[in-house]
Amino acid sequence: MDNIKQYVQENKERFLNELIELLKIPSVSADSAYAHDVVLTAEAVKASLEKAGCDFVELCETPGYPIVYGEKIIDKNLPTVLVYGHYDVQPPDPMELWTSPPFEPVIKTTEIHPEGAIFARGACDDKGQMYMHVKAFEYMIQNNCLPCNVKFMIEGEEEVGSKSLGWFVERNQEKLANDVILISDTGMISNQQPSITTGLRGLSYVEVEVTGPNRDLHSGLYGGAVANPINVLTKMIASLHDENNHITIPGFYDKVEELSTEERAEMAKAPFSLEKYKKALDIEDVYGETGYVTNERNSIRPTLDVNGIWGGYTGEGAKTVIASKAFAKISMRLVPNQDWEEITELFKKHFESIAPKSVKVVVKPHHGGQGYVTPIDSVGYQAANKAYTETFGVPAIPVRSGGSIPIVALFEKELKSKTILMGFGLDSDAIHSPNEHFGVFNYLKGIETIPLFYKYFTEMSK
């Protein structure tokens, strides 16, 4: 693998152009209007794996979108790495905030990315990071240095809860058998300081509906006499946190893992500038649960946030109505030991209990997943650390992420193997937001680093 840097530089333009073509396809899994494009993307991923050197690739039908499965088995006595990624993307809304169209990728230089970054929906989450693995695999095949077996499982429903993936994994345990699972769907501290995500938060996502009168009412004739569902909903939501920003749902914290002072001190060693953090977000101050610093609030503590709220008239001009209904979408990020289904039920019971008799409340669970922690003394973690150290020149720092990848806990339950999260994105890459992007440096550095993971994992597994 001595020529990996040379190979990446020689093929840089091709690697970028191939990713750009993939990013042009609007594979938005949440919107059925894009269903054809989601399938087109699956077919494009299949073709890329075949071209890269897999001996066997197939589109596996599921109750939802197809899963792309590929493999290269060189010796059944050698370790097997299972690569997971997803080809679906978040909706691009709000469109007016994009500086360039979300599905017309362009490379622009930024302060953080002087070598340029690809701006497009899915650039970092997860098409760019997923495609690094395809190109890293291509390098190992072309240079006859693949040290072990590899399997690919690339799905199309991660952004809507990976429902079909659970169905698929349960029915294909032998096909998916592996020694370690490798995922790049997370980030690192900076382009100078790599990190390995060792913990993920779980997720419970619900939608609530508050109904008052049987129709929209004139706010002059009925205002003050009939409950306004929007007013009621906002009061109910506000009551979900106390003055210390502590979540008020009974039983919510019962199973929350409390980290020791020593563990929190280790977390604090990760470089972090509160002033740069605030400047990057253009905010005057941070906000959150009393007793915890920013990097703890967004990683080792559970949260409850409103992701969308609507009701009544929102068009141009005025319309004086009391809406019949009000709605909100709410997500709760959970920490290890909190069961997402149990938390969903606790939320439902509490939210219904605090509703006044003047309205009806319906809580609709959407999807969720468990939290996850991977040990830093595992062979997989140590191999990833050696790979990062070689390409970046400094060891990686273990960090816990605030994000959720619900299928990681599922993998451990069903496939009995650990997951290593080798992310190359940055917090500033605006995933799920307008102007999502992925640095050219990060993309190419991922392709350079991943083959070294295979090398060290195979050596250390003997």
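In this predicted model, helix α3 (residues 35–52) packs with helix α4 (residues 127–142) at an angle of about 20 degrees, their axes 9 Å apart; axes are lines fitted to C-alpha atoms, for helices over the stretch in contact, and angles run from 0 to 180 degrees between N-to-C directions. That angle makes α3 roughly parallel to α4, a term for angles under 35 degrees. The contact (heavy atoms within 4.5 Å) is formed by T41, V45, S48, L49 and A52 of α3 together with K127, M130, Y131, V134, F137, E138 and I141 of α4. By class, it has eight nonpolar, two polar and two charged residues. Helices (H or I, at least four residues) and strands (E, at least two) are DSSP runs, numbered from the N terminus.

Turning to the sheet, four strands form an open arrangement in the order β11-β13-β9-β14, with antiparallel pairing, where two strands pair if DSSP finds at least two bridges between them. Its edge strands, β11 (303–311) and β14 (360–369), each pair on one side only, and the twist averages 15 degrees from one strand to the next. Strand β13 (residues 325–334) pairs with β11 over eight bridges, and T303 has R333 of β13 as its bridge partner.

Helix α7 (residues 229–238) packs on this sheet, touching β9 (202–211), β11, β13 and β14, and its direction makes about 15 degrees with that of β13. Helix α11 (residues 340–353) lies across β9, β11, β13 and β14, running at about 165 degrees to β14.

Residues are numbered from 1 along each chain as its sequence is written. Local features need pLDDT of at least 70, side-chain atom pairs count only at pLDDT 80 or more, and totals for chains, interfaces and linings use all residues, while side-chain values use heavy atoms, leaving out hydrogens and water.

Technical notes. Angles under 35 degrees count as roughly parallel, over 145 as roughly antiparallel, 65 to 115 as roughly perpendicular and the rest as oblique. Ala, Val, Leu, Ile, Met, Phe, Trp, Tyr, Cys and Pro count as nonpolar, Asp, Glu, Lys and Arg as charged, and the others, Gly among them, as polar.
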